[in-house]
Amino acid sequence: TLVPRIQLNDGHSIPQLGFGVFKVDPAETERIVADALEVGYRHLDTARIYGNEEGVGRALAASGVPREQLYVTTKLWNDDQGTQSVLDAFDRSLERLGLEYVDLYLIHWPVPAQDRYVETWRTFEQLRDSGRVRSIGVSNFMVPHLQRLIDETAVVPAVDQIELHPAHQQPETVDFATEYGIAIESWGPLGQGKYPLLELPQVTDAAAAHGKTPAQVVIRWHLQRGFIVFPKSNRRERMAENFDVFDFELDDAQMDSITGIERAGRLGPDPHAFG
Ligand code: NAD
């Protein structure tokens, strides 16, 4: 399967569909990521706080997939924001992953209360210049946080990874990011199993019309909106299902109907207050 790539504002590109490992048990991560790689995923999304970077690294090493065909993202946790602490935390993530570089490094949350994300971002620029990170970005940054980076630093983030699914679409952040060439990554793309997205008629009708599953329809909605997406599953058959989304296309009416799903508010923490 050829996964489309999204061009980033720094000259690099990223596979639009990947595999996320939030809440994947560290003891099971190596097996689960090995399955994902066998299914065909090449883009993996982890974070220090997930506690499973080592398992991801072991699976990558054992897979024999050439490094240049892989795309690996990890994230800086909130208590590591700063300057020296960023450099130290990055070294440790790289070590746990067993890699010489990561493709994308993200500030996991802005944590406005500690007011260190601008300093942290300047350190991210240094990491990028060192060549050990190809692209730098942010996560859970809302418009005021993005605006500060743009006003006070020299580099516009390559991506913003935010909670995004049909019931929580964050149009303000998406519009602002689009204006500045910041690619959007959707986290919790299927509603994290907390919101019954896959049972809504807007989704199940489109699924029936295409002979696909509700999850495949929702993933397709993200892809056709231009978002980068990395659904998570521990089960190999669902990994394969979530990857098998390139043989159909939602039409405009189906896209509009899913975009029109009633807003349910966020499922995760409030980025203005969290951390
Ligand atoms: P998700 O929306 O991908 O939902 C995962 C859940 O959906 C699974 O546990 C399973 O219950 C269900 N599911 C998966 N495939 C299915 C299928 N084919 N049919 C039916 N049900 C299915 O939620 P997520 O894992 O939270 O989000 C994806 C990734 O986003 C994470 O793994 C992580 O990499 C990233 N993430 C980032 C942040 C952040 O703060 N930056 C927060 C949460 C998640």
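Predicted model: local features only at pLDDT ≥ 70, side-chain atom pairs only at ≥ 80, totals over all residues.
Residues are numbered from 1 along each chain as its sequence is written, and side-chain values use heavy atoms, leaving out hydrogens and water.

Met239 sits in helix α9. Helices (H or I, at least four residues) and strands (E, at least two) are DSSP runs, numbered from the N terminus. Leaving aside residues up to four places away in sequence, Met239 touches Phe19, Ile32, Asp35, Ala36, Val39, Tyr41, Ser233 and Asn234; contact means heavy atoms within 4.5 Å. Gly18 is 221 residues from Met239 in sequence, yet their C-alpha atoms are 10 Å apart in space.

Tyr41 also belongs to another story, that of the rings. The whole structure holds 11 aromatic pairs. Rings of Phe, Tyr and Trp (its six-membered ring) pair if their centres lie within 6.5 Å; planes under 30 degrees apart count as stacked, over 60 as edge-to-face and the rest as tilted. The centres of the Tyr41 and Phe243 rings are 4.7 Å apart and their planes lie at 50°, so this pair is tilted. Tyr41 is in the loop between α1 (26–39) and β4 (43–45) and Phe243 is in helix α9 (residues 236–243), so the pair ties together parts 202 residues apart in sequence. Tyr41 and Phe243 are both buried. Elsewhere, ring pairs join Phe90, Tyr105, Trp121 and Phe124 into a cluster.

Now for two helix pairs. Axes are lines fitted to C-alpha atoms, for helices over the stretch in contact, and angles run from 0 to 180 degrees between N-to-C directions.

| Helices | Axes | Angle |
|---|---|---|
| α3 (residues 84–97) and α4 (residues 117–130) | within 9 Å | roughly 50° |
| α7 (residues 201–210) and α10 (residues 252–259) | 9 Å apart | about 155° |

The angle makes α7 roughly antiparallel to α10. Angles under 35 degrees count as roughly parallel, over 145 as roughly antiparallel, 65 to 115 as roughly perpendicular and the rest as oblique. Gln202, Ala206, Ala209 and His210 of α7 make the contact with Gln254, Ser257 and Ile258 of α10. In the other pair, Val86, Leu87 and Phe90 of α3 meet Thr120, Thr123, Phe124, Gln126 and Leu127 of α4.

Key
Buried < 20%, exposed > 50% of the residue type's maximum accessible area, 1.4 Å probe, protein only.
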